[in-house]
Amino acid sequence: MPQTKNRAVMTKVPNARVGNWLFTFSFIVAFLVVFGGFVRLTRSGLSITEWNPISGSVPPIGQQAWQEEFAKYQETPEFKQINSNMTLEEYKFIFYMEWIHRFIARFAGLVYAIPVFYFLFRKTIPWKEFGIYFAMGSLFIAQAFAGWIMVASGLVDRPSVSHFNLTIHLLLALTLFGLALWTAFGHKFGFPATGKKAKWSLPSKLAMASFVILIIQITYGGFTAGLKAGHVSDTWPLMFGKLIPPNLFSSFINIFETPQTIVFIHRWFAWLGIIAVPYVFWVVKKQNYPREIQTGLMWLVGIVALQITLGVLTILSYVNIVIALVHQANAIVLFGLAIYFIHRFRALDSIN
């Protein structure tokens with residue numbers, strides 16, 4: 001029977017302060033992703049037409065500065081095709097939403113950079129273990145660049161960003177979130193010996209399979225958001241009066257480009273999760289895993305059911321902003337829990 005009280009021989013020493021820092025950083029990254037969803041839903045993301053990491057940290061000051069910023073926005077496809085009647089005061093709202101989004105990103109960068117250099121200087125983090133923290137910093141920079149490339153894709157000849165660029169930006173942020181969370185769990189529960197190749201137990205394999213399902217679902221959520229495919233139909237389970245509308249898969253490219261096909265996949269692929277997660281719980285219960293693991297998986301089943309319910313409500317409400325944001329936030333909770341369970345199962349694998 002797996003036991004959590006035993007530990008594998010550790011090559012790294014857990015540190016509570018480093019772990020708390022990483023949990024804090026993970027939370028800020030998660031909040032940044034959710035606020036990014038709010039920016040998207042309020043069509044604020046294209047309001048700032050330049051990327052100035054230093055000078056852009058201060059919003060326009062004075063009427064002339066605001067007029068100049070508004071004039072830049074008035075040259076964009078979004079203003080010309082969608083917001084041509086927008087006033088300066090209305091523009092200030094969407095500007096501040098995007099500015100706050102970028103401010104939080106700058107703040108997250110400081111929350112990463114200052115502690116990591118402090119811990120390195122104090123040798124709390126040995127240089128030989130810096131690789132994982134360097135990867136976090138690189139991911140942070142990469143998702144920042146991806147964010148600007150995403151915004152730039154909507155400033156030339158289309159009034160919206162590329163759904164591919166949006167999804168890449170999202171997945172990079174979630175990778176950063178997951179890596180920080182995984183390392184934080186290591187500092188909380190311990191790091192197993194890196195040289196020990198533990199066999200993957202059935203729960204570990206199932207947890208990883210469920211995680212892959214979640215990643216695919218989140219990817220299609222990104223596609224759905226980028227193409228505004230959630231507005232295609234406000235009925236469920238039917239779309240356009242049919243359970244399976246015609247011509248959804250008439251071309252291979254439809255699964256990457258066509259809003260109707262993408263939202264259809266996003267609607268129904270989620271149900272794999274409601275099958276996979278209870279099966280993981282059943283296996284864990286049958287193999288008599290520790291009570292806290294079983295209880296956690298029971299909660300996870302409920303959260304998966306909640307996520308599907310929120311998805312249906314998002315459809316029926318024609319993408320109500322509050323419901324859509326709770327749906328997105330709950331997806332991040334699921335992502336974090338998936339990281340947790342894979343970490344715990346692999347830790348148990350290493351001691352059995």
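Just after H4, Lys123 takes a positive phi of about 65 degrees. Helices in this briefing are DSSP runs (H or I, at least four residues), numbered from the N terminus. This is a predicted model, in which local features need pLDDT of at least 70 and side-chain atom pairs count only at pLDDT 80 or more, while totals for chains, interfaces and linings use all residues. Residues are numbered from 1 along each chain as its sequence is written, and side-chain values use heavy atoms, with hydrogens and water left out.

**Helix H4 and its length**

- H4 has 34 residues, which should span 50 Å at 1.5 Å a residue, and the 48 Å between its end C-alpha atoms agrees with that. The expected span here is 1.5 Å times one less than the number of residues.

- Helix H5 covers residues 130-152, and its 23 residues reach 33 Å from the first C-alpha to the last, close to the 33 Å expected.
- Buried residues of H5 include Phe130, Tyr133, Met136, Leu139, Phe140 and Gln143; buried means under 20% relative accessible area, exposed over 50%, and partly exposed in between (1.4 Å probe, protein chains only).
- Helices H1 (16-41), H4 (88-121) and H6 (163-189) are among the elements that cover these buried residues of H5.
- H5 and H6 pack at an angle of about 160 degrees, with their axes 8 Å apart. Axes are lines fitted to C-alpha atoms, for helices over the stretch in contact, and angles run from 0 to 180 degrees between N-to-C directions.
- The two helices H5 and H6 are therefore roughly antiparallel to each other. Angles under 35 degrees count as roughly parallel, over 145 as roughly antiparallel, 65 to 115 as roughly perpendicular and the rest as oblique.
- The crossing of H5 past H6 is left-handed; that is the name if the near helix is turned anticlockwise from the far one by less than a right angle, and right-handed is the name if clockwise.
- On the H5 side, the residues that meet H6 include Ile132, Ala135, Ala142 and Ile149, and on the H6 side they include Asn165, Leu172, Leu179 and His187. Contact means heavy atoms within 4.5 Å.
- By class, this contact of H5 with H6 holds 17 nonpolar, seven polar and no charged residues. Ala, Val, Leu, Ile, Met, Phe, Trp, Tyr, Cys and Pro count as nonpolar, Asp, Glu, Lys and Arg as charged, and the others, Gly among them, as polar.

**Helices H1 and H12**

- The axes of H1 and H12 come within 10 Å and cross at roughly 150 degrees. That makes H1 roughly antiparallel to H12.
- H1 passes H12 in a right-handed crossing.
- Ala30, Val33, Val34, Gly37, Phe38, Arg40 and Leu41 of H1 meet Ile321, Ala324, Leu325, Gln328, Ala329 and Ile332 of H12. The residues of this contact of H1 with H12 divide into ten nonpolar, two polar and one charged.

- Tyr73 sits in helix H2 (residues 63-73) and counts as buried at 0% relative accessibility.
- Tyr73 and Ser47 are 26 residues apart in sequence, yet their C-alpha atoms are 6.1 Å apart in space.
- Not counting residues up to four places away in sequence, Tyr73 touches Leu46, Ser47, Thr49, Glu78, Phe79, Asn83, Met86, Tyr91 and Ile94.
- Asn83 is in the loop between helix H3 (77-81) and H4, and at 16% relative accessibility Asn83 counts as buried.
- Leaving aside neighbours within four places in sequence, Asn83 is in contact with Tyr73 and Glu78.

**The loop from H7 to H8, and Asn254**

- A cis peptide bond, with omega of about 5 degrees, joins Trp236 and Pro237. Pro237 is found in the loop between helix H7 (202-226) and H8.
- Asn247 is in the loop between H7 and H8. Asn247 has a positive phi of about 65 degrees although it is not a glycine, and counts as exposed at 63% relative accessibility.
- Asn254 is in helix H8 (residues 254-257) and is buried, with a relative accessible area of 9%.
- Leaving aside neighbours within four places in sequence, Asn254 is in contact with Asn247, Leu248, Phe249, Thr261 and Ile262.

**Val319, between H11 and H12**

- Val319 lies in the loop between helix H11 (291-316) and helix H12 (321-349).
- Although Val319 is not a glycine, it has a positive phi of about 60 degrees, and Val319 is buried, with a relative accessible area of 16%.
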